[in-house]
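I opened the model and kept notes on what I looked up. The entries follow in order.

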Amino acid sequence: MSSTVSYWILNSARNSIATLQGSRRLYSRCTSSRNKSKWRLFSWAPTTLKNNAPCGGFALPKAYRHTSTEEDDFHLQLSPEQVNEVLRAGESAHEILDLVSISGGPNSVLRFESNQLAANSPVEDRRSVASCLQTNGLMFGIFDGHGGHACAQAVSERLFYYVAVSLMSQQTLERMEGAMESMKPILPILQWLKHPGDSIYKDVTSVHLDHLRVYWQELLDLHVEMGLNVKEALMYSFQRLDSDISLEIQAPLEDEITRNLSLQVAFSGATACVAHVDGVHLHVANAGDCRAILGVQEDSGIWSCLPLTHDHNAWNEAELSRLKREHPESEDRTIIIEDRLLGVLMPCRAFGDVQLKWSKELQRSVLERGFDTEALNVYQFTPPHYYTPPYLTAEPEVTYHRLRPQDKFLVLASDGLWDMLDNEDVVRLVVEHLTEAVRHKPDLAQRPANLGLMQSLLLQRKAQGLHAADQNAATRLIRHAIGNNEYGEMEPERLAAMLTLPDDLARMYRDDITVTVVYFNSDSINAYYKGV
């Protein structure tokens, strides 16, 4: 890695940011032109990225994110092997086998690949994948936190349960309620294929289950025999979970752990993009500025991109119109200031963020209950022109798409990816990844599969070493997102420099990036339409 590149990034960051540093926070008015922090006020907690996983079977020195901004100390260089180690540390992949739709539809998902690269410390993004055990469908979620990771963690763990319960029939809900009343185990609701991570909420799951139970009791009172449809389930689940997050901290809670965690969840925030796939039926619910797109290959072989979401921010004219309809005309010029909601938040829809939903009086009354807000990294902040809350909603925009054989893959990602790559670039990179995977796959059908051949293939792979192509499409996308120059060309020096940036500067140049790529089974979808 060229020291010139790393020094340029370091020095330009110093020159472009004017900061007032407190004991636990950093106020910023300027950020990199390619990436803007969602909140004007964000956490200040630099720590070291710890990762000692070996890459490709070779023993490597540990690759750490640098933590010092002193120029004399800024000489850490990552080798290509260490770059790969950092980029591939968060990889996840899963083949979808023998998943039969209760409705008789095709198993339309082949597999998924996912990865995550942190910029914040700790990382504020979350990702989840799960199948519904009592109803149909697979769910994929990307959750982009801001103001801390607490809200994203809570939503990534809890939202899928609300959706799954919403889809349950009256009979299944009655069985669930009967089990609770008789103190027996309830029916399993989800099978996690990619869990959002080790939960910090294990001590409060009973509270969460109680609120989920209240929700299914209300669904029982609706007497909807077959359950809600998918669009209704997604709409209600997003808004109900957000309401529960708000009410949980308003309720009197004696347990200190529960109170503290509930406060952190409510006063941080998270945007969310969730895809529900059941046979040929694809629904995507989005609240905020995560994004979902389809990669489509026409019969002619031409590839195209089909967006399934709209970013909910100041550049969305429909979103601006909605905000103006919901508030007095006198606030038309103050709802969006400097491209932010009330001059504070980039996305216009999100979970949590009660500072933009509650009245000033309610915020004061909750925070005056004896919380150690400094230790919890929670701050009361009322923006100027705060007259008619709520200004923020978690109501999602739901899109339906009927899968076709030409729909090859779905990409869901946090805005850290879309800040760097446009939709067409993302589709192109995934297509290139698929093309390379086919080209490098050994054709054993054309040659006898004996031990000699297998040994030869292993030696070839070892000779390629750690410079072999990424096996995970999400990793390829992240690599190009931070390593491409302004002409869209990969620059290894830039990539290494971006991965070497200290914690206190990395967020000035990029956001957390979280990506999930879902591959569809075109043969199965085609057979479904042909009635095979």
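Which residue in β18 does leucine 410 stand opposite? I found that leucine 410 stands opposite valine 518 in β18.

Before going on, I noted that this is a predicted model, where local features need pLDDT of at least 70 and side-chain atom pairs count only at pLDDT 80 or more, while totals for chains, interfaces and linings use all residues. Residues are numbered from 1 along each chain as its sequence is written, and side-chain values use heavy atoms, with hydrogens and water left out.

Strands and helices. I took both from DSSP runs, numbered from the N terminus: helices are H or I with at least four residues, strands are E with at least two. Two strands pair if DSSP finds at least two bridges between them.

Strand β17. I located β17 at residues 407-413. Strand β18 (residues 513-520) runs antiparallel to β17, with 5 bridges joining them. Strand β11 (residues 291-297) is also antiparallel to β17, and 6 bridges join these two. Among the partners, I noted glycine 295 with phenylalanine 409 in β17. I then checked burial (buried is under 20% relative accessible area, exposed over 50%, partly exposed in between, with a 1.4 Å probe and protein chains only). In β17, 6 of the 7 residues are buried.

Cysteines. I looked for disulfides, meaning pairs of cysteine sulfur atoms within 2.5 Å, and the count is 0. Cysteine 132 is buried at 7% relative accessible area, and cysteine 348 is buried at 1%.

Helix α6. I compared its span with the expected one (1.5 Å times one less than the number of residues). The 21 residues of α6 (residues 230-250) should span 30 Å, and the end C-alpha atoms are 30 Å apart, which agrees.
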